[in-house]
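Hello,

Here is the structure we talked about, handed over for you to browse. My notes on it follow below.

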Amino acid sequence: MTDVSVAVKPRGAATQPARGGHRSTKRSRREARAAYLFLAPWFVGLLVITIGPIFASLYLSFTDYSLLEEAKWVGFDNYITMFTEDPRFLSSLKVTTIYVVVSVPLQLAFALALALVLDRGLRGLSIYRSIFYLPSLLGGSVAIAILWRKVFGAEGLVNAVLSIFGIQGPGWVGDPDTALGTLILLHVWTFGAPMIIFLAGLRQIPSSYYEAAAVDGAGVWRQFKSITIPLLTPIIFFNLVLEVIKSFQSFTQAFIVSGGKGGPADSTLFYTLYLYLKGFKSYEMGYAAAMAWVLLLIIAGLTAVNFLASKYWVFYGDTK
Amino acid sequence: MATPSRPIPVLFRPLKGGRLVKHTLLIGFGLVMLYPLLWMISSSLKPEELIFREPGLWPSQVTLENYTQGWYALKHPFGYYLWNSAVVTALSVVANLVACSLAAYAFARLNFPLKKFWFAIMLGTIMLPHHVVIVPQYIMFSELDLINTIWPLVMPKVLATDAFFVFLMVQFIRTLPRELDEAAEIDGAGYWRIFIRVVMPLCMPALATTAIFTFIWTWNDFLSQLLYLNNPDNFTVPVALRTFLDASSDSSWGPMFAMSIIALGPIFGFFLAGQKYLIRGVATTGLK
């Protein structure tokens, strides 16, 4: 095969003619045609699986549609109902907001703390890294959600351990006051993925900075505050945006832990769970589509706010 | 690039004793983290009545009864659901590898009108919440009479809608020296040939990352499988596991844990085999 042997040719020989600059239009037309062929599946997917459904869901959000009858145009009714007449919607929004606001910072704090401990010259780093990362891979699965339901059940592991100390624990997942807390804990448990991103970020900080600071007499805390944190802000920002987007869409955990109902007393009725119940249990597809659009706006809004706020705290320094 | 040989800054160069404390704390913390998992494994091996009574990990009595019971507890033996999951997952992996690498090659190496525009659209779809499109997608697949088939699960992968992976591979291909393509081109190779013979073989790390993550995500995926598979005859593992909760009272933990362990098995296997790619994939792209 000729094209295998060329790989060893001296580089200079190949570069010149191809980069000549005067490509014939015939050639570029051929290239464009090839490109569109390579992209064909993606284009079809974009149209049929993504863009088409986006517009369809926008349209549906203004209708009353149950899959059985024709969609009926109702204008903004779905959106108005949501915010004025549907306490379950509002409570799902509240539950999800609490979940995101509490669990994301906690998770990132854990991730950063562990990354700092693991970063500098510690033996067995890769083993620790793997152990802490494993829950991130498993965390979204039904099996782990089932485990959680059992660990925090009235007669679960947590209460069995507590009873050794003579404490009678509540039925965590069955108690509206603590059910959401167990899901937050599950999310925090998966801190390994952002931890790895933090570790990669810490690697980028030149150690000469620390050495110089140490020479100038800066202590541990001072170095952390003035070097590590500022240089890490882009990574913190990246993780924050990613986790907020992701956790707003959490579904499996709440579904399994609450037995598909969001209970007790709607305390684990995540936004996406309510959307699922509306759209695919009571077949109010127009309403579900409207909820999806509100979710899109919330996520887009939060991401935009994150980006705007980042100007004030994210430090790009000499990396630009 | 990481510089492994860099000196350890003063900040984190503690006394020898300090290091011991650090390791002890880390190991302790790791154990606490893994405790629920280990407990599930140990519980799956305990006779039913001991699960509650022993929060400890070491089973005083080992039995495989939970596994045999759980295997036959649902409508079909559990292997049936494992097979269904395996089919969906294998097709998804192959589809993602082919479709995403085709698109990535075009974005990374070829010039065409509106390239920047399409690339921006592609990036935009990464951020799009899945829920915005599930209602119309469901309606579409239901109109096409494809509910209770694997098509709604596999079709999106065939059509490269996991833009994450397109992006991942674009980034990777961009790091490959262009001279290789150009040399092959001078030798008369067409784009297809360059893609197959030159670019793809060099893309192995990116392809491995894509394959492993697609495997794990598809295997774990619950929402789409819950939506599209309503008939116990084509349930996959996550949907089947879930029926344990409906069907069984809280007394049959053992079998449920046993099947949960089996469900996690393949992920755990891929984790052990592909750690390097997994860690790198997360570190460089934020895939997780």
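Let me start inside the protein: the largest cavity is lined by A:Ser141, A:Val142 and A:Ala143 from one chain, and by B:Trp219, B:Asn220, B:Val237, B:Pro238, B:Leu241, B:Ala263, B:Leu264 and B:Ile267 from the other. A cavity here is a set of points, on a 1 Å grid over the protein atoms alone, where a 1.4 Å probe fits but cannot get out, and lining residues have an atom within 4 Å of a point.

Before going further, please note that this is a predicted model, in which local features need pLDDT of at least 70 and side-chain atom pairs count only at pLDDT 80 or more, while totals for chains, interfaces and linings use all residues. Residues are numbered from 1 along each chain as its sequence is written, chains are lettered from A and ligands numbered from 1 in the order written, and side-chain values use heavy atoms, with hydrogens and water left out.

Back to that cavity. About 70 Å³ of space lies in it, with volume taken as the space filled by probe spheres set on grid points joined across faces, edges and corners. The structure holds two cavities of 30 Å³ or more. At least two lining residues of the largest cavity come from each of α8 (142-151) of chain A and α11 (204-220), α13 (237-247) and α14 (253-285) of chain B. Helices are DSSP runs (H or I, at least four residues), numbered from the N terminus. The lining has nine nonpolar, two polar and no charged residues; Ala, Val, Leu, Ile, Met, Phe, Trp, Tyr, Cys and Pro count as nonpolar, Asp, Glu, Lys and Arg as charged, and the others, Gly among them, as polar.

The second largest pocket has a volume of about 450 Å³; a pocket is an open set of points with protein on both sides within 12 Å along at least five of seven lines. Of its 16 lining residues, A:Trp148, A:Leu185, A:Trp189, B:Val32 and B:Pro36 lie nearest the centre. Helix α1 of chain B gives the most to this lining, with five residues. The lining of the second largest pocket divides into 16 nonpolar, no polar and no charged residues.

Now to the interface. The contact (heavy atoms within 4.5 Å) takes 117 residues from chain A and 106 from chain B. About 10,100 Å² is buried between the two chains, 76% of it from carbon and sulfur atoms; buried area is the accessible area (1.4 Å probe) that two parts lose on being put together, summed over both. Across this interface the rule finds one salt bridge, meaning a side-chain nitrogen of Lys or Arg within 4 Å of a carboxyl oxygen of Asp or Glu. The side chains of B:Glu185 and A:Arg27 form it (2.6 Å, N to O). Helix α4 (residues 40-60) of chain A gives the most to chain A's side of the contact, with 14 residues. That side has 80 nonpolar, 18 polar and 19 charged residues.

Over all chains, a search finds eight salt bridges. One of them pairs A:Asp266 with A:Arg88 (3.0 Å, N to O), linking parts of the chain 178 residues apart: A:Asp266 in the loop between α14 (252-257) and α15 (271-281) of chain A, and A:Arg88 in helix α6 (residues 87-119).

That loop also holds A:Pro264, joined to A:Gly263 by a cis peptide bond with omega of about -5°. A:Ala265, found in the loop between α14 and α15 of chain A, has a positive phi of about 50° although it is not a glycine.

Best wishes
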